[in-house]
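Hi everyone, thanks for coming along. Please have a look at the sequence and the model on the screen, and then I'll walk you through some of its parts.

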Amino acid sequence: MKLQVIISLFVTLSSFVSSASLPGQYGLYQKKSYLYRRQNMTGGGAGGNASNGTSGGAGGSSGSGSVPIIVVGGPSNVTSGQTVSNLTGVLNTTQLYSISSQVNKSLTSSSSSNGVVIVASKGSLESIAFFLAVTTNTNKTIVVCDDYQLGQIVAKSPKAQGRGPLIVGKKKIIYSGTLPPWGVPDGVIGDNNEAYWFTNACPPLLTAWNSTLRTQYTNFTTVNSSSHAVVPIVYEEGIAPSLLQSVSSFIQGLVVISSGSNSTSMDQSVSIPIVYTQPKGKPISFISNSTIPKNAIAGGYLSPVQAQILLSVAVSNGVNNTQSLKQIFPS
């Protein structure tokens, strides 16, 4: 691992903390809480011991042996022993539940002491990683990638455990699958094919052991749900009261990509839950309840795809009340 690369990444991290734009009421503490993890945990999720924040740092070594691989798309040059699902294109909720079921089965097998690697196409990494963050509760390592060899390196690193699902992105950078896509990195794979970590091992607040998601909605990790919600993503400019009235009986929820103008007047009679998010690809930011209609739900830092997944899982499990959903979303 070249020293210049390590220095460059730490400078990037420091620069982000000083310049990140969140609402004033969230302040520096919340920036660190969301993006750098809380440094201490006293409880654990199913499948392993809780992290106590002592296993972080820029360095680490890989373990031995192989990690189970689940292939759902992407490159076909994967070694033997994998579970293969021929899934292409945009994955729907049914397909995501199928992947989550396979992951849960793999994590409980004796051969997955380190965790599991999911190989998928680049366009599916964000949705698979976030869906697994919501529907799995384990301290074992879950790596989503389009290169199984890089995924194996991360999965076999002892310091990868307890972070929630991880994504191996461009230039061998490791990101949290629970936080904004391609945001602040958790670590990097060095030139010596070892994983180096910038944060202590601890899951983001959204899926922490004492979060609302984990304490009040434990049924979200029951992945054999037979009721899969239809939750489209639309731009705010395309919303009209007549449109909402006409489609609300055919969908179970809606994700709205905000225009930022705070000008939408939502029809009070619409019964489906509606979540507002920032546009895809926009630098990490935070949409709060003060910038959206009062009967809508703020998506916080979640991307439109992440908000769609969280709302779909919630509604599929019978949680469709706006006030309850506001407790789940990071707003």
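Let's begin with Leu254: is this residue buried or exposed? With a relative accessible area of 5%, Leu254 falls under the 20% cut-off, so it is buried. Please keep in mind as I talk that this is a predicted model. Leu254 is found in strand E10. And what does Leu254 touch, once we set aside residues up to four places away in sequence? The list is Val231, Pro232, Val234, Leu244, Ile272, Pro273, Ile274, Val275 and Leu311.

E10 covers 254–257, and Ser258 lies in the loop between E10 and strand E11, which covers 274–277. Ser258 sits in a loop, and at 11% relative accessibility it counts as buried. If you leave aside its neighbours within four places in sequence, Ser258 is in contact with Glu236, Tyr276, Thr277, Pro279 and Ile287.

Let me step back to the whole protein for a moment. There are nine helices and twelve strands. The protein has 331 residues, and 54% of them count as buried. Its accessible surface comes to about 14,300 Å², with 51% of that belonging to carbon and sulfur atoms. What about contacts along the chain? Taking contacts between residues at least 6 apart in sequence, 64% join residues at least 24 apart.

Next, the aromatic rings. How many aromatic pairs does a search of the whole structure find? It finds two. I'd like to show you one of them, Tyr97 with Phe131: the ring centres are 5.0 Å apart and the planes stand at 85°, so this pair is edge-to-face. Tyr97 belongs to helix H3, residues 93–107, while Phe131 belongs to helix H4, residues 125–135, so the pair ties together parts that are 34 residues apart in sequence. Tyr97 is buried, at a relative accessible area of 2%, and Phe131 is buried with a value of 2%.

While we are at H3, let's look at the helix itself. H3 has 15 residues, and from its first C-alpha to its last it reaches 21 Å, close to the 21 Å expected at 1.5 Å a residue. At its start, a side-chain oxygen of Asn92 reaches to within 3.1 Å of the backbone nitrogen of Thr94. The buried residues of H3 include Leu96, Tyr97, Ile99, Ser100 and Val103. Here is a handy reminder about helices: with 3.6 residues a turn, residues three or four places apart point the same way. You can turn the model and look at H3 with that in mind.

Glu126 is buried, with a relative accessible area of 11%. Beyond its neighbours within four places in sequence, Glu126 is in contact with Ile167, Pro181, Ser303, Val305 and Gln306.

Helix H5, residues 148–155, comes next. Seven of its eight residues are buried, so H5 is largely enclosed by the rest of the structure. Those buried residues are Tyr148, Leu150, Gly151, Gln152, Ile153, Val154 and Ala155. At the start of H5, a side-chain oxygen of Asp147 comes to within 3.0 Å of the backbone nitrogen of Gln149.

A quick word on cysteines. Cys145 counts as buried at 1% relative accessibility, and Cys202 counts as buried at 1% as well. How many disulfides are there? The count comes to zero.

Last, two residues in loops. Lys171 sits between strand E5 (166–168) and strand E6 (173–176). Its phi is near 55°, a positive value in a residue other than glycine, and Lys171 is exposed, with a relative accessible area of 76%. Asn193 sits in the loop between strand E7 (185–189) and strand E8 (195–197). Phi of Asn193 is near 60°, again positive in a residue other than glycine, and Asn193 is partly exposed, at 41%.

How values were computed:
Residues are numbered from 1 along each chain as its sequence is written. This is a predicted model: local features need pLDDT of at least 70, side-chain atom pairs count only at pLDDT 80 or more; totals for chains, interfaces and linings use all residues. Side-chain values use heavy atoms; hydrogens and water are left out. Rings of Phe, Tyr and Trp (its six-membered ring) pair if their centres lie within 6.5 Å; planes under 30 degrees apart count as stacked, over 60 as edge-to-face and the rest as tilted. Helices (H or I, at least four residues) and strands (E, at least two) are DSSP runs, numbered from the N terminus. Buried means under 20% relative accessible area, exposed over 50%, partly exposed in between (1.4 Å probe, protein chains only). Contact means heavy atoms within 4.5 Å. Accessible areas come from the Shrake-Rupley method with a 1.4 Å probe; for residues, only the protein chains shown count as cover. The expected span of a helix is 1.5 Å times one less than its number of residues. A polar contact is a pair of N or O atoms within 3.5 Å; within protein, one must be able to donate a hydrogen and the other to accept it, and residues adjacent in sequence count only if both atoms are side-chain atoms. A disulfide is a pair of cysteine sulfur atoms within 2.5 Å.
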